[in-house]
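Welcome! Please take a moment to look over the sequence and the fold before reading on.

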Amino acid sequence: MMDQREELVEKLCNQGYIRTEKVKKAMLNVPREEFMPPEIRAYAYLDRPLPIGKGQTISAPHMVAIIAEKLKLNEGMNILEIGTGFGYNAAVVSEIIGISGHVYTIERIPSLARKAKENLKKTGHNHQVTVIIGDGTLGYPEKAPFDRIYGTASAPKIPQPLKKQLKIGGNLIIPMGSENYFQELVSVQRISEDEFKSKDLGGVAFVPMIGEYGWPED
Ligand code: SAM
């Protein structure tokens, strides 16, 4: 599968999704097939979101690349991810921030979180990624403040707790908009204690972020 991974990464570079050597290296290092159900592993290197059960998906590789590039990650960063899924995106981010950094990732569906833990252990990313079961819209105050926070599910508006848990100078990236797969990826920078600057990064399609500061559960 390594050949297919190399081909996909090359394609993402040519399409301009991967722009830096560190994102390229991280996506070459993480075996996407280990982060999906066995019955669909043959499709691991298609640039598509794929179903992982419970109505959820593993994000498309180009989306993982876009988020990793836009976050402007550096070694040693303290990161919070909302929406672990099966753990792929967190593994890619952890490769970039290295052993001096850490990714805390929150998943609201316990069976997905358990599977993510297993997957991350298998690929050896478990030392740098901690999976937490819970409502990610509340953030993770125990390990705040964070250099970067990103969401892989879309919220109706930016959850207040996440803004509060961002370091000054830090960045938050989250899909925002309608519940039905038409959203904008929004980047918010914390300028000072209570000053934030936001910009749109373009249209995206994500599953809804369900929680106290997200969409209500049906
Ligand atoms: N990061 C994943 C990957 O690597 O492919 C993407 C997973 S999927 C697109 C988004 C995930 O967000 C789903 O697993 C969903 O259960 C989860 N989710 C939705 N609302 C959440 C919330 N409030 N807190 C934590 N997880 C949430």
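We will visit a helix and then a loop residue.

This is a predicted model, in which local features need pLDDT of at least 70, side-chain atom pairs count only at pLDDT 80 or more, and totals for chains, interfaces and linings use all residues. Residues are numbered from 1 along each chain as its sequence is written, and side-chain values use heavy atoms, leaving out hydrogens and water.

Let's begin with helix α1, residues 2-14 (helices are DSSP runs of H or I with at least four residues, strands are E runs of at least two, both numbered from the N terminus). Its 13 residues reach 18 Å from the first C-alpha to the last, close to the 18 Å expected at 1.5 Å a residue (that is, 1.5 Å times one less than the number of residues). R5, L8, V9 and L12 of α1 are buried (under 20% relative accessible area; exposed means over 50%, partly exposed in between, with a 1.4 Å probe and protein chains only). These four cover an arc of only 100 degrees around the axis, so they sit on the same side of α1 (the arc is taken from the directions from the helix axis to the C-beta atoms). On the other side, D3, E7 and N14 are exposed. The buried residues of α1 pack against α2 (21-29) and α3 (61-70), with contact meaning heavy atoms within 4.5 Å. Just after α1, G16 has a positive phi of about 85 degrees.

Now turn to T137, in the loop between β5 (129-133) and β6 (146-151). T137 is buried, with a relative accessible area of 0%. Leaving aside neighbours within four places in sequence, T137 is in contact with residues including I82, P159 and Y213.
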